[in-house]
Amino acid sequence: MLHAAKRLTCCAGLAVALSACATTGDGSGHAEAVAPVVDPPAQPGAPLLLLAMPPSADFQDVRRAFIAETKKNFNISTFMVSGATTPGDLAAAITRSSPTCLVLMNNATVALYREYQTAHRDEKMPPAVVVMTSFLEELRGSLKNATGIAYEVPGVTAFVDLRSVIRAPVRRVGVVYRPRFRAFIERQKKLASREQIDLVAAEVGKEVDAPGLRAALHTLLAGDKVDVLWMLNDNELIKNAQFLDDTWRAELATAKVPLVVGVPNLVDPRTPLGSFAVVPDHEALGLQTANLIFDLDSSDWHADEHDVELPLSVKTIADLKQLRDSFGLKEDALRHIDRALE
Amino acid sequence: LGGASTLFEPSRLYIRWCARKLETRRACDDAFKQLARSAEKCPTRTVASFPRTRRLTPLGLGVLLLASAWLGTAHAQDGRPTLYVFLQLDVKPNVLEQTLQKQLPGIAVTVFGRFRDFQDVVATRRPDAILAIPPLLDLDHTKPTLQGAKGGRDWEAYVLVSAGGTQPSSLSGKTVGVVDLLGHDGTQAFAASVLKTSDLKVKRVAKIEDLLPLLEFSAADAILIPGAVVKRLTERTRLPLAVHELPGARVGLPAVAVLRPAARDTVVRSLQGLDAETKSILGIDNWSSR
């Protein structure tokens with residue numbers, strides 16, 4: 001009896017402790033758990049990697065997987081970046097730790113590092129690996145001795161995943177884009193063509209209004225007869241709920257084609273819009289980042305000679321009802337979807 | 001391209017989603033306005049809460065370790081033996097876990113999707129049994145109690161697949177994609193052993209479906225996969241593929257190691273009772289006792 005009571009007490013204590021582990025936040029209002037940052041014990045003589053990153057959960061997921069892969073070979077020092085961090089703070093962290101390589105996560109961190117490079121333009125820069133930033137291919141030109149992994153999921157990955165779960169054809173995919181996405185779209189066209197998928201792109205202006213977007217979508221659907229629509233992760237194409245109703249939903253109501261999106265929240269069977277979401281797999285991104293570090297290590301850390309990589313791993317979310325009723329599900333489709341919503 | 005202010009910020013949609021839950025469109029649009037001001041502070045961020053299976057925060061893991069030392073090994077709370085599974089199959093880990101759990105009600109089944117997650121947890125919480133391929137059991141110095149077989153063979157052939165219709169004439173200096181079966185060093189050694197050369201660059205991926213992008217993006221010259229996976233690969237892709245058989249590239253089929261002798265009978269009996277469909281998912285059609 002006493003023993004059982006002890007175990008109960010222990011379990012209750014465990015629950016309290018574990019819940020305490022999950023309460024650290026970044027102030028962003030998200031309810032996801034953010035782990036306190038503890039770097040692995042230092043190993044004498046091992047080269048040091050300096051991770052500069054924001055504290056929120058997705059970055060922690062990448063960090064956790066990255067550390068699991070690299071901790072035997074490298075020392076790790078984590079520098080948390082917040083809105084209050086200055087280029088001087090980052091410079092001090094770099095000076096203090098003298099890293100063999102930097103790992104920089106998100107646009108704000110890269111902006112700080114760019115300022116650091118500008119302020120130390122005559123000095124030799126340590127190699128830097130950049131992850132979880134927008135448009136890394138374009139951004140890289142503004143950094144010295146840097147490479148990394150693009151964050152945008154290539155369209156071809158999403159299209160091939162969708163093609164492997166639905167019976168309807170996925171041969172022509174329509175996409176609306178703004179001028180700043182032009183180079184990105186050109187790269188996507190080439191990648192999609194390798195999988196015999198035509199990416200039919202409709203350019204709209206820098207600023208997008210509902211009639212303009214709707215006209216572009218209508219042309220893709222009625223004129224170009226695309227099989228699938230792909231919604232880019234671009235604020236101007238999404239704006240707000242009313243805008244979505246007036247554009248995407250209005251056009252998709254009359255043309256039954258699947259909509260591929262890049263965020264899971266747009267896939268909701270109760271208010272159907274996105275049919276299939278494809279998002280980065282952050283733990284796998286940690287592994288890919290670690291592999292990139294090992295590659296650089298074996299090539300004398302010439303980061304500038306290493307091409308920016310594309311993300312290899314994704315997670316998929318599907319509106320199962322929409323896919324089944326309108327496009328037909330393949331027999332083993334459920335085996336290949338990470339999250340099926342009904 | 002400096003700021004992220006004009007890029008899509010998924011957290012805005014998270015707010016919209018929350019607002020819709022409350023059926024207040026107005027609150028939703030207010031949230032959009034507020035977030036527009038803070039957008040450039042935020043990275044592109046996914047707000048999905050995927051089932052975060054078998055992952056703990058470092059502190060949580062530490063607390064759990066202390067507790068498990070006190071509470072004993074990783075028995076299920078209801079006293080059922082525990083089975084930890086790590087197999088790279090062409091099926092999502094959550095689907096495999098549901099399928100196995102349904103077939104094995106007398107066992108608490110946990111399926112791991114990544115080698116590191118599996119390795120970390122097995123090292124700290126000893127399960128009653130492990131279902132994995134023999135090279136992984138060897139790594140843990142455990143011997144199979146049950147060995148899977150298909151068509152009378154307890155191994156499967158691995159093949160090398162490349163895009164473009166032709167195989168590289170020599171593997172020397174080439175990049176080969178492999179699923180992370182055994183960690184950085186172990187997977188490198190595995191690939192070198194199967195391909196009979198160490199003069200190659202191994203690109204590890206987390207999941208078997210991540211190998212196709214290596215070929216699509218020309219990030220690898222070839223990928224190393226079990227022969228049984230070729231069919232699914234050719235169904236998924238329109239890339240012209242060249243499949244090259246590798247003499248002697250044989251890897252053991254899934255096997256079960258029982259770590260706690262008291263659980264042996266339950267584990268063996270339960271796994272031998274798997275139906276044909278589940279065995280087929282595991283890539284076997286029979287078990288043999290060892």
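The legends below describe close-up views of a predicted model. Local features are given where pLDDT is at least 70 and side-chain atom pairs where pLDDT is 80 or more, while totals for chains, interfaces and linings use all residues, and side-chain values rest on heavy atoms, without hydrogens or water. Residues are numbered from 1 along each chain as its sequence is written, with chains lettered from A in the order in which they are written.

View 1. Helix H8(A), residues 210-223, has 14 residues and reaches 19 Å from its first C-alpha to its last, close to the 20 Å expected at 1.5 Å a residue (the expected span being 1.5 Å times one less than the number of residues; helices are DSSP runs of H or I with at least four residues, strands runs of E with at least two). Ala210(A), Leu213(A), Ala216(A), Leu217(A), Leu220(A) and Leu221(A) are buried, and they lie on the same side of H8(A) because they cover an arc of only 140° around the axis (taken from the directions from the helix axis to the C-beta atoms). Buried means under 20% relative accessible area, exposed over 50%, and partly exposed in between, with a 1.4 Å probe and protein chains only. The buried residues pack against strands E6, E7 and E8 and helices H9 and H10 of chain A (contact meaning heavy atoms within 4.5 Å), whereas the face turned away from them carries the exposed residues Pro211(A) and Gly223(A).

**View 2. The two ends of H8(A).** At the start of the helix, a side-chain oxygen of Asp209(A) reaches to within 2.9 Å of the backbone nitrogen of Gly212(A). H8(A) is followed by Lys225(A), whose phi is positive, near 50°.

View 3. Arg249(A) and Asp245(A) form a salt bridge, with their closest N and O atoms 2.8 Å apart (a side-chain nitrogen of Lys or Arg within 4 Å of a carboxyl oxygen of Asp or Glu). The two residues are separated by about one helical turn, because they are four residues apart in H10.

**View 4. A salt bridge between a strand and a helix.** Lys315(A) pairs with Glu283(A) in a salt bridge whose closest N and O atoms are 3.9 Å apart. Lys315(A) lies in strand E11 and Glu283(A) in helix H11 of chain A, so the pair ties together parts that are 32 residues apart in sequence. Lys315(A) counts as buried at 14% relative accessibility, as does Glu283(A) at 7%.

Technical notes:
A polar contact is a pair of N or O atoms within 3.5 Å; within protein, one must be able to donate a hydrogen and the other to accept it, and residues adjacent in sequence count only if both atoms are side-chain atoms.
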